[in-house]
Amino acid sequence: ERLLYSSYDGTPVEAWILYPFGYDPAEGPYPLIVHSHGGPHSASGYGFSFKHQLFAANGYFVLTTNFRSSTGYGDDFKWATWGAWGDKDGEDVMAGIDYAVANFSIDPDRIASIGPSYGGFMTNWLISRYPDRFAAAAAGAGIVNWVSDYGTADIARTKETEFFGTPWDAEARNRMIRQSPLTYAGDVKAPTLFVHGELDQRVPYSEAEQMFVALKKNGIPARVIQYEGMAHGIRGHWNSVHRMMHELRWFDRWLKE
């Protein structure tokens with residue numbers, strides 16, 4: 001079902017919500033899984049997602065939002081996050097969660113975040129900046145440290161344009177640190193599963209390691225699944241099935257049990 005709501009600053013945002021199988025408001029409230037797309041210059045829309053259907057079949061609402069930096073809504077919307085990845089787009093996601101909780105039979109204490117690539121960054125960002133809102137998370141190939149990622153990933157130029165400089169430029173470096181989920185890792189409360197390819201060059205595996213170690217150091221349940229020989233996208237039928245099985249199992253553990 002298509003949704004249209006206002007973000008915290010009044011910006012209109014488009015989103016989609018998928019109902020849990022056999023949905024009955026009287027049987028709720030239900031848990032919610034919030035999915036953030038990659039890119040960030042991409043968009044979600046009408047279409048079939050096996051993973052989303054799997055979550056819905058197992059009793060979850062699934063919410064996808066086209067937060068700022070998404071494509072299809074004009075240049076101002078697309079570039080609204082320059083210099084501050086996570087700020088306005090994060091507010092857009094949180095406003096979507098607020099809207100969903102207010103309008104559907106959703107348990108505000110049983111909300112999880114998931115996403116690949118930029119969606120993985122968004123997941124890491126949301127659980128570190130809004131720690132009281134999430135009961136679990138699964139971050140797929142998500143950046144946590146823009147400074148380290150600059151020198152190890154295959155797209156340094158993206159960081160130079162989005163953060164207006166390099167890590168050896170003090171102003172740009174400060175922006176990178178401010179927008180890095182690792183900076184706020186001490187605030188995370190959500191048990192988090194990290195899914196990553198061993199040979200990922202777009203978001204190197206070391207990004208997942210950094211956040212995993214931070215959470216473990218702070219006593220937060222965390223787990224990493226590393227896929228041997230895999231790059232940024234996890235390929236192969238069995239790998240895909242294996243990944244979805246473990247993501248679902250992780251959410252069932254922390255949102256149902």
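Visitor: Leaving aside neighbours within four places in sequence, which residues is Ile 225 in contact with?
Guide: This is a predicted model. Here Ile 225 is found in strand 8, residues 222–227. Contact means heavy atoms within 4.5 Å. Beyond its sequence neighbours within four places, Ile 225 is in contact with Leu 193, Phe 194, Val 195, His 196, His 242 and His 246.

Visitor: Is Ile 225 buried or exposed?
Guide: Look at the relative accessible area of Ile 225, which is 8%. Buried means under 20%. So Ile 225 is buried.

Visitor: How many Å apart in space are Ile 225 and Leu 248?
Guide: In sequence, Ile 225 and Leu 248 are 23 residues apart. The distance in space runs from C-alpha to C-alpha. For this pair it is 14 Å.

Visitor: Which residues form a nonpolar patch on the surface with Trp 82?
Guide: Trp 82 is found in the loop between helix 2 (75–78) and helix 3 (87–103). With 42% relative accessibility, Trp 82 counts as partly exposed. The patch has about 310 Å² of accessible area together.

Visitor: Which residue forms a salt bridge with Asp 149?
Guide: Side chains of opposite charge can pair when their charged atoms come close. For Asp 149 and its partner, the closest N and O atoms are 2.7 Å apart. The pair links helix 5 (residues 146–152) with helix 6 (residues 156–162), and its members are 10 residues apart.

Visitor: How many residues apart in sequence are the parts tied together by Arg 202 and Asp 154?
Guide: Arg 202 forms a salt bridge with Asp 154. Arg 202 lies in the loop between strand 7 (192–197) and helix 8 (205–217), and Asp 154 in the loop between helix 5 and helix 6. So the pair ties together parts whose separation in sequence is 48 residues.

Visitor: Which residues do salt bridges that share partners join into one network?
Guide: The whole structure holds 12 salt bridges. Some share partners and join up. The network consists of Asp 9, Arg 68 and Asp 92.

Technical notes: Residues numbered from 1 in each chain as written. Predicted model: local features only at pLDDT ≥ 70, side-chain atom pairs only at ≥ 80, totals over all residues. Heavy atoms only, no water. Helix = DSSP H or I, 4+ residues; strand = E, 2+ residues; numbered from the N terminus. Buried < 20%, exposed > 50% of the residue type's maximum accessible area, 1.4 Å probe, protein only. Patch = residues over 30% accessible without salt bridge, like charges linked within 9 Å, V, L, I, M, F, W, Y side chains within 5 Å. Areas by Shrake-Rupley, 256 points an atom, 1.4 Å probe, with all protein chains shown as cover. Salt bridge = Lys/Arg side-chain N within 4 Å of Asp/Glu carboxyl O.
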